[in-house]
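Please keep the structure open beside the text as you read.

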Amino acid sequence: MSHRTLPRTTQATTPATATAQAAAVTPAPRTATGSVWPASAAPLPHGEVAVGGVPLTELADRFGTPAYVLDEDEVRDRCRAYLRAFPGADVYYAAKAFLCRAMLHWVRDEGLGLDVCSAGELELAVTTGFPPERMVLHGNAKSPDDLRAALRLGVGRIVIDSTSEIARLAAAVPAGSRQKVLIRVVPGIAAGGHAKIRTGTDDQKFGLSIADGSAQHAVTRVLSQPRLELVGLHCHLGSQITTVKPYLSAIRRLIGLLARIHDQHGIALPELDLGGGHGVAYRPGEPALDIATLGVKIRAELAGGCAAAGLPVPRLAVEPGRAIAGPAGVVLYRVLAVKRTGAHTFVAVDGGMSDNPRPALYGVRYAPRLIGRASPAAPEPVTVVGRHCEAGDVLAADVRLPGDIRPGDLLAVPVAGAYHLSMASGYNLVGRPPVVAVTEGHARVLVRRESLADIQERDIGL
């Protein structure tokens with residue numbers, strides 16, 4: 001595909017409508033809550049917006065809709081921000097948020113490791129050239145294929161999530177070698193934006209409880225396996241956490257467990273992985289976790305707690321996914337229909353829950369905006385819905401869009417880089433959207449649109 005450089009139009013516009021649109025996309029500092037667009041987002045005349053130097057309407061015309069736009073520079077900048085916030089720590093990008101070959105190159109180039117959850121993610125990474133020793137394998141129910149692939153490819157760490165996994169993994173490790181493992185522990189802390197994404201409590205499927213002694217029992221069992229090398233503890237509290245306090249509480253409980261392990265077994269575990277779950281803002285004004293503050297406070301809490309317990313400070317690791325990929329993505333939709341029924345206005349677009357199931361799963365709220373034309377109409381409350389055969393196929397409830405919104409208009413939804421395409425389905429066989437990368441005025445396809453031919457090839461017939 002040929003790339004062409006587009007001019008970066010940055011001049012101010014004077015009409016009131018253009019001023020309002022500029023305010024909506026003017027980027028704020030990374031730790032601020034005023035902007036949810038990539039830092040490269042820039043208003044252009046006539047209601048246009050550019051990301052990465054490329055007008056979004058041009059991307060829609062070239063690549064069709066729905067389409068995901070991923071700002072490469074935003075991804076890289078966020079990777080660097082994590083390395084600055086956590087000096088001397090291991091930063092693993094959580095592949096489940098969004099994964100493709102280009103993303104693997106970007107995070108590897110920036111010095112991050114990789115957190116994978118399946119043989120599929122692991123194989124894609126290794127065949128793309130990602131060093132397996134810089135990977136961590138997760139999963140509450142790892143399949144035999146997952147474990148075999150991890151051992152065959154030489155993954156750096158495997159996180160043990162249940163006691164039944166210990167013997168299975170030890171039996172699969174080749175004679176004469178040892179596999180480094182972490183034990184995922186549950187500290188009994190409720191944190192996260194929704195009950196379905198809170199994983200630090202004892203009432204969900206992940207990890208081994210500190211409170212009931214399961215974590216300590218697992219430590220004893222792992223230490224009895226000569227082919228497993230226990231190097232540390234792992235803890236993941238949940239997702240969309242926007243305050244530092246839960247992480248500090250978790251550190252205190254984990255240090256307590258480290259001290260008990262030291263007293264019982266005479267060892268000081270050298271690693272502590274605090275997982276991810278760092279919250280981002282999906283709409284202007286929403287809170288987002290300040291990563292720089294998180295890094296300072298976590299390191300201080302860890303150093304102070306270990307000193308008080310008489311323990312060496314373990315090497316820290318974190319696993320951001322959404323906080324790197326999410327704000328770097330924008331999804332483009334074309335309006336297909338506008339329906340006014342009673343007091344409600346429904347704006348139907350050419351995507352929906354097949355390319356973004358998160359509003360249906362977690363009640364996530366987004367901030368779509370009209371792009372490509374400057375509307376003089378006053379904003380009115382509408383519900384943006386998808387094209388699928390479900391009443392719950394709602395992408396954005398009770399949002400304000402211009403009152404003259406009409407079929408053919410283009411909507412852009414920011415903060416669409418994480419858990420959209422990675423959770424996409426084949427519902428109604430509409431095909432999954434492409435991913436288009438933008439940087440410095442260039443655009444290129446990273447993941448092509450799924451075609452009807454792709455879908456039909458998997459159906460072998462009678």
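Helix 7 (residues 163-172) and helix 8 (residues 214-223) pack with their axes 10 Å apart and at an angle of about 10°. That makes helix 7 roughly parallel to helix 8, the term for angles under 35 degrees, while over 145 counts as roughly antiparallel, 65 to 115 as roughly perpendicular and the rest as oblique. Axes here are lines fitted to C-alpha atoms, for helices over the stretch in contact, and the angles run from 0 to 180 degrees between N-to-C directions. Helices (H or I, at least four residues) and strands (E, at least two) are DSSP runs, numbered from the N terminus.

On the helix 7 side, Thr163, Ile166 and Ala167 meet His217, Ala218, Arg221 and Val222 of helix 8, where contact means heavy atoms within 4.5 Å. By class, this contact of helix 7 with helix 8 has four nonpolar, two polar and one charged residues. Ala, Val, Leu, Ile, Met, Phe, Trp, Tyr, Cys and Pro count as nonpolar, Asp, Glu, Lys and Arg as charged, and the others, Gly among them, as polar.

A word on provenance: this is a predicted model, in which local features need pLDDT of at least 70 and side-chain atom pairs count only at pLDDT 80 or more, while totals for chains, interfaces and linings use all residues. Residues are numbered from 1 along each chain as its sequence is written, and side-chain values use heavy atoms, with hydrogens and water left out.

**Two further helix pairs**

Helix 7 also packs with helix 6 (residues 144-153): their axes come within 10 Å and cross at roughly 45°. Helix 6 and helix 7 are therefore oblique to each other. Pro144, Leu147 and Leu151 of helix 6 make the contact with Arg168, Leu169 and Ala172 of helix 7. Those residues divide into five nonpolar, no polar and one charged.

Helix 3 (residues 72-85) and helix 4 pack at an angle of about 35°, with their axes 9 Å apart. Helix 3 likewise passes helix 4 in a right-handed crossing. Here Glu72, Val75, Arg76 and Cys79 of helix 3 touch Met103, Trp106, Val107 and Asp109 of helix 4. The contact of helix 3 with helix 4 has five nonpolar, no polar and three charged residues.

Which residues of helix 4 (residues 101-109) are buried? They are Ala102, Met103, Leu104, Trp106 and Val107, with buried meaning under 20% relative accessible area, exposed over 50% and partly exposed in between (1.4 Å probe, protein chains only).

**Backbone details**

Just after helix 4, Gly111 takes a positive phi of about 95°. Positive phi values also turn up in residues other than glycine, including Val415 and Leu429. Val415 sits in the loop between strand 19 (410-414) and strand 20 (435-439), and Leu429 is in the loop between strand 19 and strand 20 as well. Val415 counts as buried, whereas Leu429 is exposed.

| Residue | Phi | Relative accessible area |
|---|---|---|
| Val415 | near 60° | 1% |
| Leu429 | near 55° | 54% |

The peptide bond from Thr65 to Pro66 is cis, with omega near -10°. Pro66 is found in the loop between helix 2 (56-63) and strand 4 (67-71).

Val438 lies in strand 20 and is buried, with a relative accessible area of 0%. Its C-alpha atom is separated by 9.9 Å from that of Ala50, 388 residues apart along the chain. Leaving aside neighbours within four places in sequence, the contacts of Val438 include Val51, Leu59, Val69, Glu72 and Ala443.

Ile210 is placed in the loop between strand 10 (208-209) and helix 8, and at 15% relative accessibility Ile210 counts as buried. The C-alpha atoms of Ile210 and Val186, 24 residues apart along the chain, are separated by 6.0 Å. Beyond its neighbours within four places in sequence, Ile210 is in contact with residues including Val185, Val186, Ala215, Leu254 and Arg260.

**The whole chain**

There are 13 helices and 21 strands in the chain, and 54% of its 462 residues count as buried.

How values were computed: A crossing is left-handed if the near helix is turned anticlockwise from the far one by less than a right angle, and right-handed if clockwise.
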